[in-house]
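Work through the exercises below with the sequence and the model at hand. Each task is followed by a solution in steps.

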Amino acid sequence: MNIVVLVKQVPDTWSERKLTDADHTLDRDSADAVLDEINERAVEEALLIKEAQGGEVTVITMGPDRATDAIRKALSMGADKAVHLSDPALHGSCAVQTAKVLATLVGTVEGAELVIAGNESTDGRAGAVPAMIAEILGWAQLTQVRKLEVDGTTVRAERETDTGIANLEASLPAVVSVNEKINEPRYPSFKGIMAAKKKPVSTLTIADAGIDASEVGLANATTTVLEAAPKPPRTAGQRVEDDGTGGTKVAEFLVGQKLI
Ligand SMILES: Cc1cc2nc3c(=O)[nH]c(=O)nc-3n(C[C@H](O)[C@H](O)[C@H](O)COP(=O)(O)OP(=O)(O)OC[C@H]3O[C@@H](n4cnc5c(N)ncnc54)[C@H](O)[C@@H]3O)c2cc1C
C-alpha cells in the first residue's frame, strides 16, 4: 500500500514563540524548528502499516527551506521518500490554501491510497487541514483517530472526541488524522539516519507543482490575523483566608467566573 504522510515543521513548543510585528505571521527565526510531534506519530503509524503489509511511505511537507530537517527526521524513522514544496509565495497561506496545495501534491504520488496526518498542528492548531484535503480529493475522512486498522481495502478506526468514541469504517482511498494516543513513535536509529541522507527528496516550487501564485500566500488568504498581542503575564491569583467562610468565598469566586 502506498501511504502519504503529511508532516509539518513547527516551532518547538519549549521555545518562546511569537508572531512577526510586520504581518502577524509566524516568526520562524524566533524559535527552534522541529518536526511536529503529532506528525512523528503519523509517520510511525504509516511505517507500522508498511511493515505489516508492504508498500511505500512518502512524506509531504509545505514549508520553508529549513523544513528539510523535518523531512530528514521522517526519512530517518523509515519513510522512503519525500516531496518538499518550498516557495516564498506560500508565506502566510491559510488553512484552506494549505489543504488545496497538499491535495494537489498527494495527487502526484503514484498509487497513493491512504493519507495520514496529525489531527492538529501545534502552531496553527486549525485542526481542519486533513478533513479539507479529504473533501477536495473526494476521499473518505477518518479524523481524530486513536486506533487504526487497514484490512485489504477497508479502513477501521476508533475516533475519539470530547463526547466519546466512535467506531468508523471506510473504503480506501482515505484520509486519516491521528491523535496522540495512536502510538509511541520510534527514535531514528543510527542506520536510519545514515540511510535517510540518500533517500530521494523532490523539492518543488509552486510552478513545478502547477500551482498559480494567485491561489496561495497571505495576500490571497481566506483568513487574516488583524491584530496580535502577547499574553499578559500570570497574576499571583486571589488568596482566600479560611476564617470559617472560606467555602462560601471560593463558591462566590467560582460563580463570579461563571465556572459554577
Ligand atoms: C503564527 C501563525 C500565523 C498565521 N497567520 C495566518 C494568517 O494570517 N492567515 C491565515 O489564513 N492563516 C494563518 N495561519 C494559519 C496557517 O496558515 C496554518 O497554520 C496552516 O494553514 C495550516 O493549518 P494548521 O497547521 O493549523 O492545520 P491543522 O489542520 O491543525 O494540521 C493538521 C495536520 O495537517 C497537516 N499539515 C498542516 N499543514 C501542513 C503543511 N504545511 N505541510 C504538511 N502537512 C501539513 C499535518 O499533518 C498536521 O498535523 C497562521 C498560523 C500561525 C502559526
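Predicted model: local features only at pLDDT ≥ 70, side-chain atom pairs only at ≥ 80, totals over all residues.

**Exercise 1.** Which residues does Asn 39 contact, leaving aside its neighbours within four places in sequence?

*Solution.* Step 1: with those neighbours set aside, the contacts of Asn 39 are Leu 6, Val 7, Lys 8, Ala 117 and Gly 118. Step 2: for Leu 6, the side chain of Asn 39 reaches the backbone oxygen at 3.4 Å.

**Exercise 2.** Trace Leu 6 to its bridge partner in β4, and describe how β1 and β4 are joined.

*Solution.* Step 1: Leu 6 has Ile 60 as its bridge partner in β4. Step 2: strands β1 (residues 2–6) and β4 (residues 56–62) run parallel and are joined by 5 bridges.

**Exercise 3.** What is the strand order of the open sheet, and which are its edge strands?

*Solution.* Step 1: the 9 strands are ordered β9-β8-β7-β10-β6-β1-β4-β5-β11, and the pairing is mixed. Step 2: β9 (164–171) and β11 (201–204) each pair on one side only, which makes them the edge strands. Step 3: on average, neighbouring strands of this sheet are turned by 30° against each other, direction ignored.

**Exercise 4.** Which strands does helix α3 lie across?

*Solution.* Step 1: helix α3 (residues 95–106) lies across β1, β4, β5, β6 (112–118) and β11. Step 2: helix α3 runs at about 150° to β4.

Key:
Residues numbered from 1 in each chain as written. Heavy atoms only, no water. Polar contact = N/O pair within 3.5 Å; in protein donor to acceptor, adjacent residues only side chain to side chain. Contact = heavy atoms within 4.5 Å. Pairing = 2+ DSSP bridges. Helix = DSSP H or I, 4+ residues; strand = E, 2+ residues; numbered from the N terminus. Axes fitted to C-alpha atoms, helices over the stretch in contact; angles between N-to-C directions.
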